[in-house]
Amino acid sequence: MELPGGLITEGRLRKDFSFVPLTGDWELFVRELGQRVSGSPQWVTELLFHSLSSIGGEEVNKARVCALSVGDRQYLLRQLAKLLDDGPHWLTATCRCCEEPFDLSFSHSQLPVKEAGEGYPQKTVSLGKHPVSIRVPTGEDQHAISHLSAERALDTLLSRLVGCEPSLSISALSAEQRQQIETVCEEMAAEISSEIITHCPHCEAENRIDVSPNRFLQRAGQTLLTEVHSIALAYHWDESTILKLPRARRQTYLNLIDQSRGMRSQSAMGAPV
Ligand SMILES: [Zn+2]
């Protein structure tokens with residue numbers, strides 16, 4: 001699998017990555033992590049650190065997870081959400097205009113991904129009189145600004161992205177120059193869609209529906225303990241054995257248990273088996 005952006009490793013842009021097997025133990029970890037630090041940059045870093053087995057051919061540590069661009073981190077979350085359950089997911093939204101409810105469905109794999117643009121992850125542009133180097137934001141930047149107010153967070157982020165230019169003060173930048181930095185970043189950055197734009201079936205108004213992967217990963221493991229219970233009852237395996245099963249194999253056993261129950265109830269009713 002390949003990242004839409006990539007990470008510079010020993011001077012080369014590497015896009016390859018792999019995940020650990022997504023077992024019940026993994027789902028239990030995600031569920032318990034969500035109860036502690038849901039949705040924050042720290043949550044994303046912890047989740048990716050425990051889900052990736054390699055980035056760019058190298059072992060995963062938290063520094064490498066933090067060095068990934070924000071777009072790559074979101075892309076990886078979407079891949080995990082897809083592996084967990086690609087859907088189709090049915091959502092009920094309330095129209096922002098007529099306030100009527102309506103349904104829509106989507107699959108994670110159908111949502112578009114913007115690949116990184118020219119110059120990624122860093123390029124030099126002219127900002128007024130200054131030639132400056134601008135890079136895309138990373139997880140490390142998100143960690144650095146996560147505790148700041150919105151206004152201070154933006155200034156701090158901009159000063160990190162344009163690097164150390166002693167003659168350049170971020171607070172002295174014009175609105176146009178700030179916009180220029182943001183535009184350069186957006187053009188370079190990889191990105192995933194976190195919204196679906198759809199029209200209300202009642203009044204035709206445009207609505208934006210949140211389909212960010214965080215929302216779906218926070219549901220990981222919701223039915224896990226019920227599933228472990230069903231398999232333990234049927235096969236008499238212990239919890240740690242069941243939790244080591246990859247998700248797909250666990251689902252296969254659950255289907256087999258359902259089928260055998262169906263066969264038993266049909267047999268009890270006198271139907272041919
Ligand atoms: Zn409407």
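The dialogue below goes through some features of a predicted model.

Trainee: What should be settled before reading the model?

Mentor: Residues are numbered from 1 along each chain as its sequence is written. In this predicted model, local features need pLDDT of at least 70, side-chain atom pairs count only at pLDDT 80 or more, and totals for chains, interfaces and linings use all residues.

Trainee: Into which domains is the protein chain divided?

Mentor: Domain bounds come from an automatic or database domain assignment. Here domain 1 covers 2-114 + 192-217, domain 2 covers 122-189 and domain 3 covers 224-260. The centres of domain 1 and domain 3, taken over C-alpha atoms, are 26 Å apart. Their contact takes 8 residues from domain 1 and 9 residues from domain 3; two residues are in contact if their C-beta atoms, placed from the backbone, lie within 7 Å.

Trainee: Is Glu58 buried or exposed?

Mentor: A residue is buried if 20 or more other C-beta atoms, placed from the backbone, lie within 10 Å of its own, exposed if 12 or fewer, and partly exposed in between. Glu58 counts as exposed because it has 12 C-beta neighbours inside 10 Å. Glu58 sits in the loop between strand S3 (52-55) and helix H3 (62-67). Helices (H or I, at least four residues) and strands (E, at least two) are DSSP runs, numbered from the N terminus.

Trainee: In which sense do S4 and S5 pair?

Mentor: Two strands pair if DSSP finds at least two bridges between them. Strand S4 (residues 89-94) and strand S5 (residues 101-106) are antiparallel, over 6 bridges. Trp90 has Ser105 in S5 as its bridge partner. The hairpin has 6 residues between the strands, and Glu99 takes a positive phi near 65 degrees. S4 is hardly covered, with 0 buried residues among its 6.

Trainee: How does the span of helix H9 agree with its number of residues?

Mentor: The expected span of a helix is 1.5 Å times one less than its number of residues. H9 (residues 224-235) has 12 residues, so it should span 16 Å, and its end C-alpha atoms are 16 Å apart.

Trainee: Which residues of H9 are buried?

Mentor: Glu227, Val228 and Ile231 are buried. Seen down the axis of H9, they fall within an arc of 100 degrees, so they line one face of the helix. That arc is taken over the directions from the helix axis to the C-beta atoms. Thr226, His229 and Leu233 are exposed on the other side of H9. After H9 comes His236, with a positive phi near 65 degrees.
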